[in-house]
Amino acid sequence: MNQKFRENWSWWLRWMTLAVAVIVVWKTFDNLGGIFSSIGWILSLLTPFIIGFVFAYFLNKPHKRLYAKMSRSKRHIIVKHARAFSTLVVYLGFLLLLAVLLSFLLPALVNSVISFVDKVPQYQDNLVSIVENLSKNSPLIASLELDEAIKNFSLTDLSGIIKFENVGTYFEGIVSVSSVVTSIFLGIIISIYMILDKENLIKVIKRLLGLVFTEERIYRMAVTLRRVDQVIYRYFFAQLTDSLIVSTVAALGLTLIGVPNAPVLGFFYGMFNFIPYFGPIIAIISVPLLTFISSDFLTTLWAFIFLFLLQQVDANFLNPRILGSSLGFSPFWVIFAVTLGSGLFGITGMILGVPIFAAIRLFVIDFVRAREAKKARADSKSEKQRE
């Protein structure tokens, strides 16, 4: 009687568990928008910590090397405070580099905007002459009266876009920008504490993992994380090196061609290389377009030809040599990762999609290998028992 009761209870329990799982899955998909909004809200709260982790992760490598050198110093005071000194030097160097970069880009960007505003009447006249020439050969364009619309346009017309009732929206935009700046500042502060206290943080994480996983599983996870760390760091270092080389060459080439604000355009052209496949396409369209706005057609054509040739050299020779086979998967998965990342997280997803996909891929590969090895041991044991 008891045996039959247990079997019936077990049967009902399995079906009840399945029914609950179906209801949970259905309600999850039914409220998918709410779930994603909740996740986004949580991530927005943790933004300073996420930024801090990113800073700490990329500055940890130079910090470790500098700390190792200072620890071997002959001066006792340097050895005693090696961690503090190495952290101070690394962050001062990082902030100095950031300040030099901003001092180079911001004035050039402001000058570009001022130059564009000053030359708007000239661009207007050029556009009117182009439309008038086209109207002579096309009755359809002539019927649109685009030349009159362009002549009557002025920058003061833009003031109509700014309305008093939208002041709240404008204020929200200012607050959003201030929030981003604040998050970055807090992220830098948090990253300093992460680097200074990383040993204790690692111990806490290991203790928490020990409550759930065995020591062997934790060891395997640590080995996989080291491989992930090598792949991600090598990928970003290679992409940064490639982008800086392309930026420098692009800036010099555009300067020789006579493109206005060539250093800024060259820098942005090279930085688009951080986005695999899609970045160079966006760059080779946007940079000549900006050149055309501030220059003549012939200069734009030469700039396009130069950037196209530079892109081919980078794609076929420079980037493969620098990046090599650090990712370990085909271009199809690179495009898949960039597309999925951009759809989920925008421009951030386009940049981080590939290394995140590479990390997930390593975890999946190690999991499958561990399962296959376990199955092979079980099969071998069962064969021995049959013998």
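Begin by selecting Asp 314, which lies in helix α14 (residues 297-323) of this predicted model. Asp 314 counts as buried, because its relative accessibility is 8%, under the limit of 20%. Display its surroundings next: leaving aside residues up to four places away in sequence, Asp 314 touches Asp 242, Val 246, Asn 273, Asn 319 and Pro 320.

Now zoom out to the whole chain. The chain contains 15 helices and zero strands. Of its 387 residues, 25% count as buried. Among contacts between residues at least 6 apart in sequence, 67% join residues at least 24 apart.

**The crossing of α3 and α11**

Select helix α3 (residues 47-71) together with helix α11 (residues 215-257). Two packed helices are described by the angle between their axes and the distance between the axes. Here the angle is about 90° and the axes are 11 Å apart, so α3 is roughly perpendicular to α11. To see the contact itself, show Tyr 57, Phe 58, Lys 61 and Pro 62 on the α3 side, and Asp 229, Ile 232, Tyr 233 and Phe 236 on the α11 side. Six of the residues in this contact are nonpolar, two are charged and none is polar.

Keep this view and colour the aromatic rings. Phe 53, Tyr 57, Phe 58, Tyr 233, Tyr 235 and Phe 236 form one aromatic cluster.

**The nonpolar cores**

Stay with Ile 232, and hide residues up to four places away in sequence: what does Ile 232 touch? Its partners are Tyr 57, Pro 355 and Ala 359. Ile 232 is also a member of the largest nonpolar core, which has 15 residues. Select Val 228, Ile 232, Phe 236, Val 338 and Val 354, the members that touch the most others in this core. The elements that give two or more residues to the core are α11 and α15 (331-386). Which element supplies the largest share? Helix α15 does, with eight residues.

A second, separate core has 13 residues. To locate this second core, select Ala 250, Leu 265, Val 287 and Leu 310, which are among its members. As background, in soluble globular proteins, nonpolar side chains tend to be buried together.

**An aromatic pair**

The structure has nine aromatic pairs in total. For one of them, select Phe 267 and Phe 268. A pair of aromatic rings is described by the distance of the centres and the angle of the planes. For Phe 267 and Phe 268, the centres are 5.7 Å apart and the planes are at 75°, an edge-to-face arrangement.

Move to Ile 285 in helix α13 (residues 278-294). Is Ile 285 buried or exposed? Ile 285 counts as exposed because its relative accessibility is 54%, over the limit of 50%.

Finish at Thr 182, which is found in helix α9 (residues 167-196). Thr 182 is partly exposed, with a relative accessible area of 43%. Thr 182 and Pro 48 are 134 residues apart along the chain, yet their C-alpha atoms are separated by 8.3 Å.

Note on methods: Residues numbered from 1 in each chain as written. Predicted model: local features only at pLDDT ≥ 70, side-chain atom pairs only at ≥ 80, totals over all residues. Heavy atoms only, no water. Axes fitted to C-alpha atoms, helices over the stretch in contact; angles between N-to-C directions. Helix = DSSP H or I, 4+ residues; strand = E, 2+ residues; numbered from the N terminus. Parallel < 35°, antiparallel > 145°, perpendicular 65-115°, else oblique. Contact = heavy atoms within 4.5 Å. Nonpolar A, V, L, I, M, F, W, Y, C, P; charged D, E, K, R; others polar. Core = buried A, V, L, I, M, F, W, Y, C linked by side-chain atoms within 4.5 Å. Buried < 20%, exposed > 50% of the residue type's maximum accessible area, 1.4 Å probe, protein only. Phe/Tyr/Trp six-rings, centres within 6.5 Å; stacked < 30°, edge-to-face > 60°.
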